[in-house]
Amino acid sequence: MGTVHGLDDFTNNGVQAFSDMHLTILDYSLKDNQVWVRFTNEGTQVGTFMGYPASHKHIVWNGFGMYTVEDGKIKKVGFQKIF
């Protein structure tokens, strides 16, 4: 998704492009204030996503993310890969 700054940016540039979006956490690891997450995400693409017009197809993808948490909130996404 490129660089995302804040909840509004995330919502406007990703989440709204898919209807019936569902994320399943496959596993995670916690150490100090870092969280590593492996997940599967799916939904029907009803809007433009990363420059691609709506396909109206149901898609499934796997992802991996590393997040820094401070005061109970995600402060930084250090790495995320969709494969």
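**Notebook: strand pairing and side-chain pairs**

I began with the strands and noted that strand 2 and strand 3 pair in the antiparallel sense over eleven bridges. For this I took strands as DSSP runs of E with at least two residues, numbered from the N terminus, and I called two strands paired if DSSP finds at least two bridges between them. Before going on I wrote down that this is a predicted model, in which local features need pLDDT of at least 70 and side-chain atom pairs count only at pLDDT 80 or more, while totals for chains, interfaces and linings use all residues. I also noted that residues are numbered from 1 along each chain as its sequence is written, and that side-chain values use heavy atoms, with hydrogens and water left out.

I then went to the hairpin of strand 1 and strand 2, where two residues lie between the strands and D32 takes a positive phi near 55°. D32 sits in the loop between these strands and is exposed, with a relative accessible area of 77%; here buried means under 20% relative accessible area, exposed over 50%, and partly exposed in between, with a 1.4 Å probe and protein chains only. I also looked up the C-alpha separation of D32 and T68, which is 9.2 Å, although the two residues are 36 places apart along the chain.

Next I searched the whole structure for salt bridges (a side-chain nitrogen of Lys or Arg within 4 Å of a carboxyl oxygen of Asp or Glu), and the search gave one. It is formed by the side chains of R38 and D27, at 2.7 Å from N to O, and it links R38 in strand 2 with D27 in strand 1, eleven residues apart. R38 is partly exposed at 36% relative accessible area, and D27 is likewise partly exposed, at 36%.

For aromatic pairs I used rings of Phe, Tyr and Trp (its six-membered ring) with centres within 6.5 Å, counting planes under 30 degrees apart as stacked, over 60 as edge-to-face and the rest as tilted. By this rule I count two aromatic pairs. In one of them F18 and W61 are tilted, with 5.2 Å centre to centre and 45° between the planes; this pair links F18 in strand 1 (residues 18-31) to W61 in strand 3 (residues 58-70), 43 residues apart. Both F18 and W61 are buried. The pair of W36 and F64 is also tilted, at 5.5 Å centre to centre and 45° between the planes. Because W36 lies in strand 2 (residues 34-45) and F64 in strand 3, this pair ties together parts that are 28 residues apart in sequence. W36 is partly exposed at 35% relative accessible area, and F64 is partly exposed at 25%.

Last, I looked at T44, which lies in strand 2 and is buried, with a relative accessible area of 17%. Leaving aside neighbours within four places in sequence, I found T44 in contact (heavy atoms within 4.5 Å) with residues including F18, D20 and H58.

Definitions and conventions
Helix = DSSP H or I, 4+ residues; strand = E, 2+ residues; numbered from the N terminus.
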